[in-house]
Amino acid sequence: MAEGTRLTLVCEQCHHRVVLPELNHRERAICPRCHHTLLTFKRNASERLLAFSISAFVFLALSLPFNFLTFKSSGQKHSIDLPGGLSVLMENDYLSLAIITGLATLILPGMVLLGFITLGLAHLNNARTPFIKRMFYWVRALLPWSMAEIFLVGTLVSLIKVTELADVAIGMSFYAFIGFTAFMALSMSNFDSTGFALWLHEGELPPPKPLEEKQASGSIQRTWALLLTATILYIPANVLPIMRTEFFGQETPNTIIGGVITLWEGGSYPIAIIILVASVVVPVAKIIILCWLNLSVQLGRTGSTQLRIRYYRITEAIGRWSMIDVFVVAVLVALIQMGNTLSIFPGPAALAFCAVVFTTMIAAMTFDSRLIWQHWKQLP
């Protein structure tokens, strides 16, 4: 979008029509009704997006071939690279966990970066083609499922837990992955989806479809179904072991709560709090908040709109971070394989907890935030 352009946009979260003022460099337009950021204007945004995305992709490529972590215990040593870690998961008959980890940390972030590079080049060359439009919508759809930064935090948590058992050495790929994560975050911060949509539609977005009663009712029903599924899955995710530790032939199952208690008793208070918040507090809070929001719109409540939209955005922002515990398990299983001396294996709760996280994420996407501002029983 060129500087000084005056536009009319419809807020995607509350369906309020807003006439935007002229934006200067680093200024953003905010919806006066729900305070959602409508548009951010930055000079040379495409150039920065392209530079950061290429840098992130290079670091991603460098994080694959070299040693990631090395575990040393009782005279034995086990080293892994990122592809090798996924192979260890598959060898232990946990193909699904390997696929989830590989998609969320490597494949989908790589696809998003390729999409950023393609969109940046197309914008610089003013190439509005049907392929570029499809690429734009695919990038927006894949962004929530790109979890490289969450995997990095999970790896750091794993390192703190592992150092209590033996020595751990960090390889070149680990540092490259840090660079990849940092530049990935910079790329995402410079990707303005509304700005690209305006460019693709030559400065005028098509009018959004009005919210109909059938659509509103479908949103409410789908959200209830997903929340019920997440609630049911949350029971085995906490009751069953999320991983099993085998030490000199003696097997010890570990549940999520059990792991938190063990960390706390061992003096690792910050890590215990992180796991407790990410794996227990966040999923429960997200289910409760979404149930409250869905019930409020179903009953046609019109009050507390600002409070409800604020909590809705919180659920969107924090839901992905519950995957930390799953990635901790994936790293520990891949790294600690010393035969009968010391080995860690994933438990059935790992997949159940993945399903809880994904189901609640989809429930937040299914919930139509416009219903907070529009009584669905009074829709035309």
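Start with the salt bridges, of which the count is two. A salt bridge here is a side-chain nitrogen of Lys or Arg within 4 Å of a carboxyl oxygen of Asp or Glu. The model is a predicted one, so local features need pLDDT of at least 70 and side-chain atom pairs count only at pLDDT 80 or more, while totals for chains, interfaces and linings use all residues. Residues are numbered from 1 along each chain as its sequence is written, and side-chain values use heavy atoms, with hydrogens and water left out.

**Stop 1: the salt bridges**

Select Arg320 and Glu149. Their closest N and O atoms are 3.0 Å apart, and the two residues form a salt bridge. Arg320 sits in the loop between helix H11 (305-318) and helix H12 (324-335), whereas Glu149 belongs to helix H5 (residues 148-162), so the pair ties together parts that are 171 residues apart in sequence. Helices (H or I, at least four residues) and strands (E, at least two) are DSSP runs, numbered from the N terminus. Arg320 has a relative accessible area of 12% and is buried. Buried means under 20% relative accessible area, exposed means over 50%, and partly exposed lies in between (1.4 Å probe, protein chains only).

Next, select Asp368 and Arg370. Their side chains meet in a salt bridge with an N to O distance of 2.9 Å. Asp368 is buried at 13% relative accessibility, and Arg370 is buried at 11%.

**Stop 2: the cysteines**

How many disulfides are there? The count is zero, where a disulfide is a pair of cysteine sulfur atoms within 2.5 Å. Cys14 is buried, with a relative accessible area of 2%. Cys354 can be selected as well: Cys354 is buried, at 1%.

**Stop 3: the sheet E6-E5-E7**

Select strands E6, E5 and E7. These three strands form an open sheet in that order, with antiparallel pairing. Two strands pair if DSSP finds at least two bridges between them. Strand E6 (76-80) and strand E7 (167-170) are at the edges with a single partner strand each, so one side of each has no neighbour in the sheet. On average, neighbouring strands of this sheet are turned by 15° against each other, direction ignored. For such angles, axes are lines fitted to C-alpha atoms, for helices over the stretch in contact, and angles run from 0 to 180 degrees between N-to-C directions.

Now look at strand E5 (residues 69-73), which pairs with E7 in the antiparallel sense over four bridges. Phe71 has Val168 as its bridge partner in E7.

**Stop 4: the sheet E9-E8-E10**

Move to strands E9, E8 and E10, which form an open sheet of three strands in that order, again with antiparallel pairing. At its edges are strand E9 (250-254) and strand E10 (342-346), each pairing on one side only.

E8 and E9 pair in the antiparallel sense over five bridges. Select Arg244 and find its bridge partner in E9, Pro253.

**Stop 5: Thr245**

Finish on Thr245, which is found in strand E8 (residues 243-247). Which residue's side chain joins that of Thr245 in a polar contact of 3.3 Å? It is Asn254. A polar contact is a pair of N or O atoms within 3.5 Å; within protein, one must be able to donate a hydrogen and the other to accept it, and residues adjacent in sequence count only if both atoms are side-chain atoms.

Leaving aside neighbours within four places in sequence, Thr245 is in contact (heavy atoms within 4.5 Å) with Gln250, Glu251, Thr252, Asn254, Leu342, Ser343 and Ile344.
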